[in-house]
Amino acid sequence: MDVSSNAVQLEDSRILPLTEYQAVTAPDSQTPTTDQLECDIERAADQIGEMDRQVALHEAGHAVAAYEFEWEIGQVSIDADGESDGTARMKSAAATSDLGHAVQVLLAGIAAQCIDAGCAIDLSRRGGEQDMRQIAERFAKDGTSPDDRAVTLRDQGHAVEQLLQRNWTKVQALMTKLLAKRTLSGPETVAILKAPAVPRQ
Ligand SMILES: [Zn+2]
């Protein structure tokens with residue numbers, strides 16, 4: 001990342017003889033000022049904060065939809081697990097639950113992000129790849145025809161959008177708690193969803 005390489009370069013430049021220092025800086029003569037560096041660091045922190053917020057929104061979406069369908073929630077986390085940026089583990093299986101509910105729970109992550117961004121659900125949204133793969137597996141298992149797949153995605157996408165909008169206070173409360181604690185157990189998640197505190201804006 002730019003910030004760290006700039007920082008290293010600044011530190012190094014202090015111990016270089018003047019001539020070498022000029023050689024290093026001459027090509028663009030744009031040694032960052034302390035103000036610029038602070039600005040870069042702030043921007044990097046903002047980006048990391050926004051990435052965390054997107055993951056928290058996504059996982060909160062899954063958890064709220066699962067909770068509404070009375071699925072048992074295992075754990076919700078905004079820490080990456082190697083395959084995905086965050087996780088919402090359920091004790092109910094998306095492979096065997098009611099098809100409509102399963103598709104809604106799986107779409108709920110990207111749906112929460114899209115509602116937050118004020119745009120229509122985008123099934124190709126980054127971060128939803130694994131969810132779409134699970135939906136495809138479920139369709140394959142059920143032998144759902146291509147036409148039925150399209151109808152199911154459209155109808156269940158619409159339904160989960162409404163479900164999350166009705167429960168937006170829960171999504172926000174869970175997102176806020178996830179950002180503070182990063183990982184929540186099933187019982188901790190349920191406690192928040194039962195009595196969601198209205199987060200301060
Ligand atoms: Zn997801």
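Two residues are in contact if their C-beta atoms, placed from the backbone, lie within 7 Å. Helices (H or I, at least four residues) and strands (E, at least two) are DSSP runs, numbered from the N terminus. The model is predicted: local features need pLDDT of at least 70, side-chain atom pairs count only at pLDDT 80 or more, and totals for chains, interfaces and linings use all residues. Residue numbers start from 1 along each chain as its sequence is written.

Helix H6 comprises the 21 residues 146-166. Its expected span, 1.5 Å times one less than its number of residues, is 30 Å, and this agrees with the 30 Å between its end C-alpha atoms. Four names make up its buried set (20 or more other C-beta atoms within 10 Å of a residue's own, with C-beta atoms placed from the backbone): Gln156, Gly157, Val160 and Leu164. Because these residues cover an arc of only 120° around the axis, they lie on the same side of H6; the arc is that of the directions from the helix axis to the C-beta atoms. Helices H3 (34-68), H4 (99-117) and H7 (168-181) are among the elements covering them. On the other side of H6, exposed residues (12 or fewer such atoms; partly exposed lies in between) include Asp147, Arg154 and Gln165.

The sheet is open and has three strands in the order S2-S1-S3, with antiparallel pairing; two strands pair if DSSP finds at least two bridges between them. S2 (87-90) and S3 (183-185) each have a single partner strand, so one side of each lacks a neighbour in the sheet. S1 (residues 73-77) is joined to S2 by four bridges, and glutamine 75 stands opposite arginine 89 in S2.
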